[in-house]
Amino acid sequence: MHRILKVAQREYIETAKTKTFIIGLLMTPVIIGVIIFFTKAISGGKAGPRPDIVVGVTDLSKTLAEDIKTSFDDYNKRNPNSQFLLQRLDVQQDANSTEAKGKTKLRNGQFNAYVVLDEDILEGPGKIRFYTYKPKPANVDAFWTIENFFRKAVENRRYEIEKIDKKLLARLRNVPLERLEIGAAEGREQVQSQGQRIAGMMVPFFFMYLIFMGMVGTGQHMLSSIIEEKNSRIIEVLLSAVSPFQLMAGKILGLAGIGLTVMTLWSAAAYAAASWQGLNVGITPQLMVYFVIYYILGYLLFSAILTGIGSVCNTIKETQSLMMPVMLIFVIPMIGWFKLVQSPDGTLARALSFVPPVTPMVMILRLAAGSDVSLFEIFATVVVLAIAVLVVIWTAAKIFRTGILMYGKRPGPLEILRWLRQS
Amino acid sequence: MNAATLENVCKSFGQVHAVDNLSVQVPAGSVYGFLGPNGAGKTTTIRMIMNIIRPDSGRIEIFQDGQIERVKNRIGYMPEERGLYRKMTVRKVLAYFGAIKGLDTKELAHRVPYWLEQVDLAGWADKRVEELSRGMHQKLQFAVTVINNPELVILDEPFSGLDPLNQDLLKNIILEMRNEGKTVIFSTHVMHEAEKLCDFILLINKGKSILDGRLDEIRSRQSAHTVSVELDGDAGFVERLPMVRAVKSEGKRLDVTLTDADTQQFLQALMQRARVRAFEVKVPSLHEIFVNLVGASDAQDS
């Protein structure tokens with residue numbers, strides 16, 4: 001045990017000193033912070049300058065043109081940098097030929113958008129037809145605004161026709177709602193902002209992401225450490241002092257320390273950020289306990305797989321091809337997290353909870369999403385996961401013992417199977 | 001007592017018999033040289049002793065224990081392929097390997113500086129391993145091997161890559177260790193190194209032992225048959241002596257190969273017939289023994 005700890009200690013210190021580790025540790029929160037900051041800054045501010053957008057209009061109802069022009073003018077006054085230019089294309093002979101002409105202008109690029117209002121738009125089943133031709137992604141937002149001008153114009157005119165008081169309607173439709181989160185004690189209640197609700201959604205994801213990073217983030221260090229020992233032939237000297245299993249155990253333990261360091265620092269940073277923003281994230285002590293249990297088991301599983309992979313490869317490049325299928329499995333919850341959060345007790349979530357590689361991530365997602373996972377289910381998943389961990393460690397240890405001393409050609413699957421059968 | 005015992009050890013890699021039915025006994029307190037040409041099976045044998053690879057059949061005991069894992073603390077092993085953590089400092093590497101070989105902090109505190117001094121690396125203690133030259137790297141590797149004061153030291157090609165000064169430094173340390181009662185096994189294909197150091201040698205070729213025993217016995221056994229003489233007067237009678245098998249003359253000097261007869265009888269026979277100006281029982285160098293025997297065993301095989 002003393003030796004395992006010594007190996008672990010070296011692994012931890014030497015990894016923590018590498019540039020990759022320090023940069024990864026600091027950059028991830030910084031990048032997330034920068035993204036959040038800029039998203040806020042951009043969405044809060046006014047749109048930047050944009051070329052004028054020319055909108056052709058054919059108003060078959062012949063009643064709305066003025067209203068629309070007013071709303072366009074209002075907009076242009078407020079946004080001198082991004083003008084919407086309205087061009088009327090009135091019916092000359094018949095509606096169809098006019099519309100065809102409008103479409104041609106759209107194709108020619110004279111119009112950026114072409115709108116046709118049906119004759120019976122106000123009282124019948126008519127439509128607003130909004131034509132575009134190869135719209136630029138940059139204009140999509142503007143088109144949305146323009147569409148709204150037309151709809152508002154039609155809507156307002158309809159109120160007038162039906163003699164509905166707009167102010168009355170607005171008053172009737174306004175039902176104030178305040179979302180309050182009651183704190184543990186009286187008087188601690190606080191208004192739940194929109195951010196709070198989003199945070200509520202993000203907490204499960206954050207926890208899952210932490211587990212993911214805690215496992216996968218250490219993977220690169222594990223592989224490079226094994227490859228270094230293999231390539232520089234340190235391995236024989238090491239094996240004259242420790243057994244292969246002690247070496248493997250020490251590595252896994254040392255990098256577990258790295259994973260825990262990263263997670264602790266990131267959680268602390270996230271918690272501090274959330275408190276600073278006045279967000280109340282509901283983390284219970286039970287959740288933390290489950291988190292630790294699932295993380296440790298998940299980490300053991302992942303890192304044991306990596307020791308197996310690392311030991312049979314000679315270069316980092318070789319490991320990548322073997323890592324691909326492994327990573328594909330581990331990113332499943334990352335891809336499907338939204339669906340899993342929405343129905344944490346659904347069949348998919350339940351089934352994935354029993355697939356050992358993703359069990360930790362899925363279970364933490366479900367638990368943090370506030371699903372009523374029964375104690376039995378927690379117990380069962382932990383048992384399944386623990387069994388998987390033992391099987392994988394046993395297998396990995398056998399592969400590690402032989403693979404670590406093999407140089408040259410990477411062994412094929414058949415040869416590895418033979419190692420497993422050896423005592 | 002034997003420090004290491006190998007009994008009928010075999011190891012094949014595919015079709016190649018790397019080690020073929022090898023038996024050796026390494027007495028405690030001796031310096032044992034494993035000699036042989038490249039690819040003879042020296043490294044494979046050493047790796048099997050260290051339990052890095054397992055023999056296909058046969059038995060290996062270290063300190064009369066078949067479980068090498070149990071006695072690892074008492075062994076120091078320097079593999080043929082050297083390697084140390086490149087990014088760590090010299091001092092830390094030495095301390096780390098000392099620690100995983102079971103030394104506690106207190107022992108490390110005096111052993112690390114002691115060994116750095118012994119191998120002339122004290123001035124480099126805080127440099128990174130990657131900054132060392134090849135020879136210095138090798139000396140550090142040796143210090144790593146012996147940091148835990150092992151009773152049995154196994155060195156695979158310890159002299160390769162060292163300049164003559166450092167080779168002497170290493171030889172002196174090895175001899176010192178023998179004087180302290182430690183056992184040293186080392187492999188080499190450079191014979192004059194073995195000649196100066198070994199008490200025992202094992203000569204292997206193509207995985208088979210072709211010579212094994214005390215170096216001085218081997219040499220006297222091999223030497224008994226060749227004598228170099230210089231006589232006054234006609235030496236034609238020498239060829240006709242009953243105990244003489246062949247004579248090769250180089251000017252006045254004759255190289256005489258004897259049958260099993262004693263050299264002293266031969267000297268007597270000469271003295272009766274002529275004046276003996278020079279008489280030398282030729283002690284073949286290990287190099288000659290090596291070349292002869294390996295050549296003979298290769299010839300036998302083909």
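## Ground rules

Residues are counted from 1 along each chain as its sequence is written, while chains are lettered from A and ligands numbered from 1 in the order they are written. Because the model is predicted, local features need pLDDT of at least 70 and side-chain atom pairs count only at 80 or more, but totals for chains, interfaces and linings use all residues.

## The nonpolar cores

A nonpolar core is a set of buried Ala, Val, Leu, Ile, Met, Phe, Trp, Tyr and Cys residues joined through C-beta atoms within 7 Å. Buried means that 20 or more other C-beta atoms lie within 10 Å of a residue's own, with C-beta atoms placed from the backbone. The largest core here has 141 residues, and A:Ile211 and B:Val93 are among those touching the most other members. Helix H10 (residues 285-312) of chain A is the top contributor, giving 14 residues. Helices are DSSP runs (H or I) of at least four residues, strands (E) of at least two, numbered from the N terminus.

There's also a second, separate core of 19 residues, including A:Val57 and A:Leu64.

## A look at H10(A)

How many of the 28 residues of H10(A) are buried? The count is 20, so this helix is mostly covered. At 1.5 Å a residue (times one less than the number of residues), H10(A) should span 40 Å, and its end C-alpha atoms are 41 Å apart, which agrees.

## Chain B and confidence

Chain B has 10 helices and 13 strands, and 37% of its 302 residues count as buried. Its C-alpha trace spans about 75 × 45 × 35 Å along the principal axes.

Chain A averages a pLDDT (the predictor's confidence in each residue, from 0 to 100) of 84.

Terms used:
Buried ≥ 20, exposed ≤ 12 C-beta atoms within 10 Å, placed from the backbone.
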